[in-house]
Amino acid sequence: MPELIDESMVVLDLQARDKDSAVHVLAERLALAGRVTDIEQFLADVRAREQVMPTGLEGGIGIPHARSSAVTAPSLAFGRSHIRVDFGAGDGPADLIFLIAAPAEGGAEHMTILASLARRLVHGSFLESLRSLASPTEVAELINREVGG
Amino acid sequence: MRIVAVTSCPTGIAHTYMAAEALEEAARAAGDTIEVETQGAAGMTKLAPEAIAAADVVVLAADVEVRERERFGGKPIVEVAVSTAINSAAAVLEEARSKLASSGSAEPAPKSATPPVTPVAAAGFGTRLRQWLMTGVSYMIPFVAAGGILIAVSFIIAGPQVAMAVNGGVFHGVHYAGASSITAIYHTAGIGGVLFEIGGIAFSMLVPILAGFIAYGMADRQGLVPGVIGGLIAVDVHAGFLGGIIAGLLAGATVRLILKVPVPRVISGMMPIVVVPLISATVVGVLMLLVIGNPVSFVMTEITNWLNGLSGANAIGLGALLGLMMAFDMGGPVNKVAYTFAVAGLASGGIGGQKVMAAVMAAGMVPPLALALATVVRRGLFSDAERKAGEAAWLLGASFITEGAIPFAAADPLRVIPSIMAGSAVTGALSMAFSASSPAPHGGIWVVGLLGHWPLWILAIAAGTLVGCAFVIALKSLRRSTPTPVPVVSLLEVANA
């Protein structure tokens, strides 16, 4: 199984102004990295999840996500936005966007890495590091290290 | 304080674990002990029965029904939306602490082999009721959109006579035989007629889907069979979507009751496939047909008689009354009484019937338009799903498809229905006052060219739309500003945030 994220899946200057285009940009990175085979299918699955309830959380986080047959391995694309993108959180738009892709099939062991990621997301120190790191490589390394450990 | 918690979210890959982590962190900070069961995609490690027995209080942070919640019977339970647990876990634990204090005893309840299932405290019931209704509504919305838009397009293609061309009847002095069978529709009514029929079939599924998935929300997939059957009966007995809500709640409650009955191991395997569907469908069907059906048809007859006796009265008052009825159940029996009254007046000839028809059509267009406008003016008061429904509601309202308002009304009937009734009453009264008249029984804005005094007729619709919109915003804002005991936040309120 490949690592959760690599530097090609990190966008530190996300230019998107709304959530659909933000998700689209990040999904393209996943497709280029071979993590998503059918981007339209994946986007439709993410939208469907987003419609159930917005995925914005307080503290400037958006976590669009889906389980999708178009996903080959549990993956994360990470975007940092100075413009900030509204994901429906109560306290305003998000500057940290985590697009989480889970395969539709696959046993629980595939999903534990995503569970571990989700658990890291509630820690302020982890988020602050993601706000301050300067290069995509550093970001990807930090995330893989935190999620693995 | 010893806590057991369950976290659960729609996809099961993110919020479930974030909420678990946040609750564990908050408990550690507060010196409490906690065990969390994450009902997510990464497998589920069940709480040990001993842990549940030893717990003082139960926290359920879930946006979908918690699996096997009957395990927690007899314990004080705090229920919150999963994002509330993530955003303010410490406040959730405080809520648990005060719940524990008010329940009187920190002693663990005695453990028994079959723990009694007590309904969650009254404070949580409203939240859960809204969750059930929203489950039903979210499955129903695509049917409303598909069916409504098909019907609207059929009017655009084939003109206002399409309904008569398919079903038969008289329109504008022309007699239509209607399609003799479903396979003959294309030959008698063209492609417009075919689209009209497909749309009608989609609409015929609204109430069964609503009822079925309300029951699904309450009792998981076991609720589906009695819910759908109850919904079909609600249609059959002309109980409309209000009847569908009753059927869905009835079905969910029935299944829950059946599942409480202890059964011998030999038949427990047959329960989900044979026993529960059979018994629950019978119970719900009999209740709907024998108990719910008669009062509804009785009320229907009474209303029809009363209306017929009233037709000579003050025209503006009649317009207002018909408006109230058009909006009351949006395509249900009361709406149909008012509509049938107008069509009957149209058939009897004369300008009086045409004026009533114009008032009824205008009033029937207002509810979807008012709600569509409200979702634009105050986005924050509506859930994402409702905003999507609002986009479709513009076309549905313009096409005189009152059903476009149902998703909003089903989610929040006590605020939405009075608001749109007020808007439709204003429109009905104004249309009568302006003496607008319509020779067409259906078609909305697409038949505006046929109408007498049509600019004033449009003005009447605009006025009612504004009134309905203002009411619904005011009532919904009122709820949001009402102080509620923190931090029990409902699914809807979080979605609205």
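In chain B of this predicted model, 73% of the contacts between residues at least 6 apart in sequence join residues at least 24 apart. The corresponding figure for chain A is 69%, again among contacts between residues at least 6 apart in sequence. Chain B has 497 residues, and buried residues make up 55% of them. Chain A has 149 residues, of which 52% are buried. Chain B holds 20 helices and six strands. Chain A holds five helices and six strands. Along its sequence, chain A reads β-α-α-β-β-β-β-β-α-α-α.

Confidence was examined for chain B. The mean pLDDT of the chain is 82. A score of at least 70 is reached by 87% of its residues. Among the elements of chain B, helix α18 (residues 413–433) has the highest mean pLDDT, at 94. Helix α20 (residues 491–496) of chain B has the lowest, at 36. One covers residues 105–123, where the pLDDT is below 50. Beyond near neighbours in sequence, residues 105–123 of chain B have 27 contacts in the model. The other covers residues 482–497 of chain B, also with a pLDDT below 50. Residues 482–497 have 46 contacts in the model beyond near neighbours in sequence. Where pLDDT is low, predicted coordinates should not be read in detail.

Strand β1 of chain B spans residues 2–8. Six of its seven residues are buried, so the strand is mostly covered. β1(B) pairs with strand β2 (residues 33–38) of chain B. The two strands are parallel and share six bridges. The bridge partner of Arg2(B) in β2(B) is Thr33(B). Thr7(B) stands opposite Thr38(B) in β2(B). β1(B) is also joined to strand β3 (residues 57–62) of chain B. That pairing is parallel as well, with six bridges. In β3(B), Ala61(B) is the bridge partner of Thr7(B).

The model contains two cavities of 30 Å³ or more. The largest cavity holds about 80 Å³ of space. Its lining comprises 12 residues. The closest to the cavity centre are Leu60(B), Ala62(B), Glu79(B), Val80(B) and Gln131(B). Three elements of chain B, β3, β4 (77–80) and α5 (122–158), each supply at least two residues of this lining.

Helix α5 of chain B takes part in the lining of an open site too. The second largest pocket has a volume of about 960 Å³. It is lined by 37 residues. Those closest to the pocket centre are Phe203(B), Gly331(B), Asn335(B), Lys336(B) and Glu403(B). The elements giving two or more residues to this lining are α5, α6 (162–167), α7 (185–204), α8 (206–219), α10 (240–260), α13 (315–329) and α14 (333–347) of chain B. Among these, α7(B) gives the most to the lining of the second largest pocket, with six residues.

Leu287(B) lies in helix α12 (residues 271–310) of chain B. Apart from residues up to four places away in sequence, Leu287(B) touches Leu250(B) and Ile292(B). Leu250(B) and Leu287(B) are 37 residues apart in sequence. Their C-alpha atoms are 8.8 Å apart in space.

Notes: Residues numbered from 1 in each chain as written. Chains lettered and ligands numbered in written order. Predicted model: local features only at pLDDT ≥ 70, side-chain atom pairs only at ≥ 80, totals over all residues. Heavy atoms only, no water. Buried < 20%, exposed > 50% of the residue type's maximum accessible area, 1.4 Å probe, protein only. Helix = DSSP H or I, 4+ residues; strand = E, 2+ residues; numbered from the N terminus. Pairing = 2+ DSSP bridges. pLDDT = per-residue confidence, 0-100. Contact = heavy atoms within 4.5 Å. 1 Å grid on protein atoms, 1.4 Å probe; cavity = no way out; pocket = protein on both sides within 12 Å on 5 of 7 lines; lining within 4 Å. Points joined across faces, edges and corners; volume = space filled by probe spheres on them.
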